[in-house]
Amino acid sequence: MNPNPSPFFNSITKKYLMAASGFVLAGFVMVHMLGNLQVFLGQDALNAYAYKLQSIPAVLWGFRLVLLVATVTHVLTAISLVRENRAARPTSNGHEKFVQASTGSRTMGLSGSILFAFIVFHVLHYTVRLTHPEYNQIEHYVLAESQKHVHDVYTMIIMGFEVKWISALYIISMALLCLHLTHGVSSIFQTLGLRNSSWKPRLDALATSYGWIVFVGFVSVPISVLAGVVK
Ligand code: HEM
């Protein structure tokens, strides 16, 4: 019996939605990671960049809306696919069929859930600054070129990562992001039907490299702050 009668929302559609939303989110993390690396160009460069991102409200809110829709789509389709897989597993006599979820797909659920919690914390930490309202007291920075008074994101990042447990939390979360991206990016190739036997090794290597590049790029910031390289 088909537990999912709608032809428009069957498991194939869900897999495409999962891949499309995952593609948007994976693209976002790369762009965000590259943006964060501007911390190595100095206080003025990072603050000017952060200000530019915030200065056109229509662009900022449009971008936030796309991220929110992608996140909600990704989480809901993941939950729905997991439920569908579980429902398909038990047989009529109550024994489970020998269809084991791979280690990769099992860690996807766990790493995805922890990452979701991390993103909520991260937004409350650096964007809303609810967990650390003292970041709102940081003196405004005057940009060299425009002389605009802007929020000092550079000092905020240093204050944040000087606290060891916060750096540790970010580094562990980035390791989970690396794991999630490695499996996730190769799943996108799988859904698109590109992961055939001749392309599989190359696409898997590409997915692994993607995860590691994002990991190294992100963790370089807290590690450099802790090491006193960025101050
Ligand atoms: C070391 C790692 C990271 C650093 C230093 C960092 C830094 C920041 C900062 C400073 C902001 C606030 C920008 C501002 O208010 O001007 C921000 C916002 C944000 N970050 Fe990160 N981030 C990191 C990792 C991540 C990761 C891994 C994700 C997602 C998986 C992420 C998702 C977001 C989101 C969704 C926002 C809110 C964007 C907005 O709507 O304004 N960040 N990040």
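Student: Which residues come nearest to the ligand?

Tutor: This is a predicted model, and in it the ligand has 19 residues around it, of which Ala50, Arg64, Tyr126, Phe218 and Val221 come nearest.

Student: And what sort of residues make up that shell, nonpolar, polar or charged?

Tutor: The shell around the ligand divides into 13 nonpolar residues, five polar ones and one charged one.

Student: Which helices supply the shell?

Tutor: At least two residues of the shell come from each of H1 (11–36), H2 (43–55), H3 (57–88), H4 (103–127), H5 (153–161), H6 (164–191) and H7 (200–226), and the largest share, five residues, belongs to H4.

Student: Let me step back a bit. How many helices and strands does the protein have?

Tutor: The protein has seven helices and two strands, and along the sequence they follow the pattern α-α-α-α-β-β-α-α-α. Among contacts in the protein with a separation of 6 or more, 73% are between residues 24 or more positions apart.

Student: What percentage of the residues count as buried?

Tutor: Of the 231 residues of the protein, 20% count as buried.

Student: OK, what about the largest nonpolar core, which residues touch the most other members there?

Tutor: That core has 25 residues, and those touching the most other members are Ile157, Met174, Leu177, Val214, Phe215 and Phe218. H1, H2, H5, H6 and H7 each supply at least two residues of this core, with the largest share, seven residues, coming from H7.

Student: Take Phe215, then. What is Phe215 in contact with?

Tutor: If neighbours within four places in sequence are left aside, Phe215 is in contact with Met174, Ala175, Leu177 and Cys178.

Student: Which residues of H7 are buried?

Tutor: In H7 the buried residues are Ala207, Gly211, Val214, Phe215, Phe218, Val219, Val221, Pro222 and Val225, and they pack against H1, H5 and H6.

Student: Where does H7 bend?

Tutor: H7 bends by about 30° at Ser220, with a proline, Pro222, following within four residues. As for the span, the end C-alpha atoms of H7 are 39 Å apart, which agrees with the 39 Å that its 27 residues should span at 1.5 Å a residue. After H7 comes Gly228, which has a positive phi near 80°.

Student: How does H2 do on that score, I mean how far does H2 reach from its first C-alpha to its last?

Tutor: H2, with 13 residues, reaches 18 Å from its first C-alpha to its last, close to the 18 Å expected at 1.5 Å a residue. Its buried residues are Leu46, Asn47, Ala48 and Ala50, and what covers the buried residues of H2 includes strand E1 (141–142), strand E2 (149–150) and H5.

Student: Where is Arg129, and is it buried, exposed or partly exposed?

Tutor: Arg129 sits in the loop between H4 and E1.

Student: Why does Gln147 count as exposed?

Tutor: Gln147 has 7 C-beta neighbours inside 10 Å, and a residue with 12 or fewer is exposed, so Gln147 falls in that class.

Notes: Residues are numbered from 1 along each chain as its sequence is written. This is a predicted model: local features need pLDDT of at least 70, side-chain atom pairs count only at pLDDT 80 or more; totals for chains, interfaces and linings use all residues. A residue is near a molecule or strand if its C-beta atom, placed from the backbone, lies within 6 Å of it. Ala, Val, Leu, Ile, Met, Phe, Trp, Tyr, Cys and Pro count as nonpolar, Asp, Glu, Lys and Arg as charged, and the others, Gly among them, as polar. A nonpolar core is a set of buried Ala, Val, Leu, Ile, Met, Phe, Trp, Tyr and Cys residues joined through C-beta atoms within 7 Å. Two residues are in contact if their C-beta atoms, placed from the backbone, lie within 7 Å. The expected span of a helix is 1.5 Å times one less than its number of residues. The bend at a residue is the angle between axes fitted to the seven residues ending there and the seven starting there.
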